[in-house]
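Please examine the sequence and the structure displayed below.

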Amino acid sequence: MNYFGLLTGLATLLIIGLGFLLVIQGERILGFLWWPYMMMVGIALIIVSLFAQGDWLAVVIGVLGATFIWGSTELKEQAVRAEIGWYPFNDATRKLKPPFEKIIKNWRAPHL
Amino acid sequence: MNFIGVIAALVTFFSVWFGHVAVRKIEFISPTIWIPTAIFATLGLIVEFLSLSTVNRSLSIAFGILGITLLFDALEFTRQQRRIRKGHAPANPNNPRHALVLADSNFHATTLDLLKREPIGKPVSSDQAIKLITEH
C-alpha cells in the first residue's frame, strides 16, 4: 500500500480549506483588484516547488501555489458577494490600494 | 529539479475547476441529489484505492488529490442545494426539485445568478442586486 497519495489528498483538502479564508479575508482587507498579485504569488510558489528538497515539501508548496491561483479567480465574485451582504462589506477607503491600480482596473478580473 | 510539486499543483487546480463547474451543472439539472452524490463518492473511493495501489509516486499523488476532490464534490451537491434555497445560486424552473423550492415561500430561491456582474464598490439592497444583473 502506498499512502503517499492519500496523505497528499488530505493535505490538499486542508490547504484548499485555507484557500477559502484567503479569498474571504483577501477580498475584505485588500480588495479584488489584488487578483494579479495573488496569481503571481501562486505562480512563484509553483516555481519554488521545483527546487524543494524532498517530495513532501514540493507537494505542499505546489498545492499552495495552485490554491493562490484558484483564489485569484474567485476574488471578483467574492467582492460581489460582499456587496450583496452575504459576507461583511469593507469600504474601498479602508482597503489597501494595489500597486498599478489604474492599469489593473482596465483588465477583466478572471472567473472560472 | 523536482517536478512533483508542479504535478500536484496542476492536478489540484484542474480537479478543483472540474468539481466547481460539474457540481453546479449537475445539481442544476438533476432531479435528485443523492444519485450524483453516490456517483461522485464511489468514483472518489475508486480513485483513492488506485492511489493506494500504485507504486508510481506521481500517479499516486495525482489519484490521491483527484480522489479527495471527488469525495468533497459529493458533499458539495448538498451545499449547492442549500445555496439554491437561499437564492445564492440560480434555480432551474425546469428541474422539479428546484421548482418546488421556487414555489415555497419559506425559501428565497431565484432563477437569477446575482453574482454574474462586475463589482461596483458599494453595498447594494436586494432590489438593487437584481436590477444590476437584469438591466444589462
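The paragraphs below describe a predicted model.

This is a predicted model, in which local features need pLDDT of at least 70 and side-chain atom pairs count only at pLDDT 80 or more, while totals for chains, interfaces and linings use all residues. Residues are numbered from 1 along each chain as its sequence is written, and chains are lettered from A and ligands numbered from 1 in the order in which they are written.

Chain A contains five helices and zero strands, where helices (H or I, at least four residues) and strands (E, at least two) are DSSP runs numbered from the N terminus. Its C-alpha trace spans about 50 × 30 × 25 Å along the principal axes. Of the 112 residues in chain A, 44% are buried; a residue is buried if 20 or more other C-beta atoms lie within 10 Å of its own, exposed if 12 or fewer, and partly exposed in between, with C-beta atoms placed from the backbone. Among contacts in chain A (C-beta atoms, placed from the backbone, within 7 Å) between residues at least 6 apart in sequence, 75% join residues at least 24 apart.

The contact between the chains involves 39 residues from chain A and 38 residues from chain B. On the side of chain A that touches chain B, H1, H2, H3 and H4 each supply at least two residues, and H3(A) gives the most, with 10 residues. That side comprises 25 nonpolar, nine polar and five charged residues, counting Ala, Val, Leu, Ile, Met, Phe, Trp, Tyr, Cys and Pro as nonpolar, Asp, Glu, Lys and Arg as charged, and the others, Gly among them, as polar.

H3(A) packs against H1(B) at an angle of about 35 degrees, with the axes 7 Å apart; axes are lines fitted to C-alpha atoms, for helices over the stretch in contact, and angles run from 0 to 180 degrees between N-to-C directions. Residues of H3(A) in this contact include Val63(A) and Trp70(A), and those of H1(B) include Ala8(B) and Phe13(B).

Note on methods:
Two residues are in contact if their C-beta atoms, placed from the backbone, lie within 7 Å.
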